[in-house]
Amino acid sequence: MVSRVIPVDPFDLVIFGGTGDLAQRKILPGLFRRFCAGQMPHEAKIIGAARSDIDADGYRDLIRAAIAKFGGEQACGDAQLDAFLARLNYVTIDAKGEKGWADLQKLMAGKGRVEAYYFSVAPSLFGDLAERLQKWGMADSQARIVVEKPFGRDLETARTLNNTLAAFFEERQIYRIDHYLGKETVQNLMAVRFGNMLFEPLWNSQYVDHIQITVAETVGVGGRGEYYDKSGAMRDMVQNHLMQLLCLIAMEPPARFDPDAVRDEKLKVIRALDPVENHHIARGQYQAEPCNEAENPGYRTAVGDPRSRTESFIAMKIHISNWRWAGTPFYIRTGKRMSSRASEITVVFKDTPHSIFGEEAGRHRNVLSIRLQPNEGITLGVTIKEPGPGGMRLIDVPLDMTFADALGSEADDHVDAYERLIMDVIRGNQTLFMRGDEVEAAWTWTDPIIKGWEARHDVPKPYDSGSDGPTDSSEMMRRDGRSWRKGSNEDV
Ligand code: NAP
């Protein structure tokens, strides 16, 4: 199969924070891969902008090294890399002052091209950037801004940020990025649900026993300790990434695959979430790795606060109060220093109403697993007869659609979430970006949970590095006669 690459229109993309970690690790290597794939037109201009006093050549050197380090270089050869770097420019600018803005204005190509401004800086600078873009005549009706997470730390700050941006840009110009939505499998989730007759009739509480969403990391907080300790797993992962996955799995079919139709349906899911009872939450903090404490310290040591009450793990049982999902629980969990790195959604279907094979055949359930990482793909577990003589014994086998196997070289032509989303910005397609009301609705749901912990001085339970989180998490499942799945091919 040959991938179809449709070039985007000519654009000017300014990356505020163009020297930062995200720009170097994700944004620019991703743009280079799109360049190699032939998606970027020759007239495209990319302008890095930050306070560092370097010139355009210095910036190109920085990005050449970043592309070598973060994997983009394999995308195509040296000549292509030189051609890509030739499109880069740089301006020394201060988001909080007047320095550099006149230079940036001159560098912009003028009217008739897509103008995108990526705010890859701390959120505290978003308002300053928006204000100065307007002051210097760059916030015209064609301009688009891309804003990074975190989008607020509670409802009040998210609302303030929305209002600040709304003072300078219309909602159709604001692209709130959640890179989980740019993952191939996440979009495939919608294709599987709404492109097949097979699943949708079963996609409700009559047939689905429960749904699990797991986003597990093996790493700890690393060098982000100070930032992470102010947010925790709830703010860092649940309020955005896991909430988005929950919405996509639970939403009603939108009338069209267009930005507002999809986002309207996601919003309805968030608004239908019940408040979560405290005994349906398990919070944890990882402990140091035994015998390797110096390299892998415990959470509190890593963040430098021996009394920290921030969670590095959370598991919750969630109910959605609507006709489709009443009675089907959603179990979500995310954590650091877990036993394996995995992002997976699992739909566990109910038992057949009656087993004609008798008790000895055992309980068998269909399980649909949607893996976001590693090995993006979808697996459907079906029950068959165990081969051979000796009666009717049943076993579960996976019908596996690992994209790399099914699509061959096309799947190997891996498009990272960031590069896909940046191309969507250039195309003006907001479907995979969060709308302001969605973000506020998500905070409206998470705020009381977080405030409850704060009011009760709730202390997360310790859990071993390399485990599956605190025992409260497995206990929560056990009480319901269920268990967390360990991997796509395992029984529930
Ligand atoms: P970072 O490494 O600290 O980079 C910040 C960038 O902002 C630098 O280029 C810095 O360059 C520039 N900057 C700082 N103050 C400035 C000012 N007053 N005017 C103009 N530029 C200024 O941060 P990051 O990790 O790249 O993160 C950027 C944004 O992405 C943050 O909102 C973060 O939450 C979000 N994010 C990052 C990641 C990630 O993996 N890194 C993941 C998800 C979201 P100078 O110091 O030279 O000005």
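Guide: Helices (H or I, at least four residues) and strands (E, at least two) are DSSP runs, numbered from the N terminus. The model is predicted: local features need pLDDT of at least 70, side-chain atom pairs count only at pLDDT 80 or more, and totals for chains, interfaces and linings use all residues. Residues are numbered from 1 along each chain as its sequence is written, and side-chain values use heavy atoms, leaving out hydrogens and water.

Visitor: Where is Pro 374?
Guide: Strand S12 covers 367-373 and strand S13 covers 377-385. Pro 374 is in the loop between S12 and S13.

Visitor: What is omega for the bond that joins Gln 373 and Pro 374?
Guide: Most peptide bonds are trans. The bond joining Gln 373 and Pro 374 is cis. Its omega is about -10°.

Visitor: Where is Pro 150, which has a peptide bond from Lys 149?
Guide: The peptide bond from Lys 149 to Pro 150 is also cis, with omega near 5°. Pro 150 sits in the loop between strand S5 (143-147) and H6.

Visitor: Which residue has a positive phi although it is not a glycine?
Guide: Most residues other than glycine have a negative phi. In the loop between strand S8 (281-286) and helix H10 (299-303) there is a cysteine, Cys 291. The residue with a positive phi, about 65°, is Cys 291.

Visitor: How many residues surround the ligand?
Guide: The closest are Thr 19, Asp 21, Arg 25, Ser 52 and Val 121. Helix H1 (residues 21-36) gives the largest share of this shell, three residues. The number of residues surrounding the ligand is 22.

Visitor: How far from an oxygen atom of the ligand does a polar side-chain atom of Arg 25 lie?
Guide: A backbone N or O atom of Gly 17 lies 3.4 Å from a ligand oxygen atom. A polar side-chain atom of Asp 21 lies 2.7 Å from a ligand nitrogen atom. For Arg 25, the distance from a polar side-chain atom to a ligand oxygen atom is 2.5 Å.

Visitor: How are H6 and H14 oriented to each other?
Guide: Axes are lines fitted to C-alpha atoms, for helices over the stretch in contact, with angles from 0 to 180 degrees between N-to-C directions. The axes of H6 (residues 155-166) and H14 (residues 436-456) come within 9 Å and cross at roughly 165°. Angles under 35 degrees count as roughly parallel, over 145 as roughly antiparallel, 65 to 115 as roughly perpendicular and the rest as oblique. H6 and H14 are therefore roughly antiparallel.

Visitor: How are H8 and H14 oriented to each other?
Guide: H8 (residues 225-250) and H14 pack at about 140°, with axes 10 Å apart. H8 and H14 are therefore oblique.

How values were computed. Near = heavy atom within 4 Å. Polar contact = N/O pair within 3.5 Å; in protein donor to acceptor, adjacent residues only side chain to side chain.
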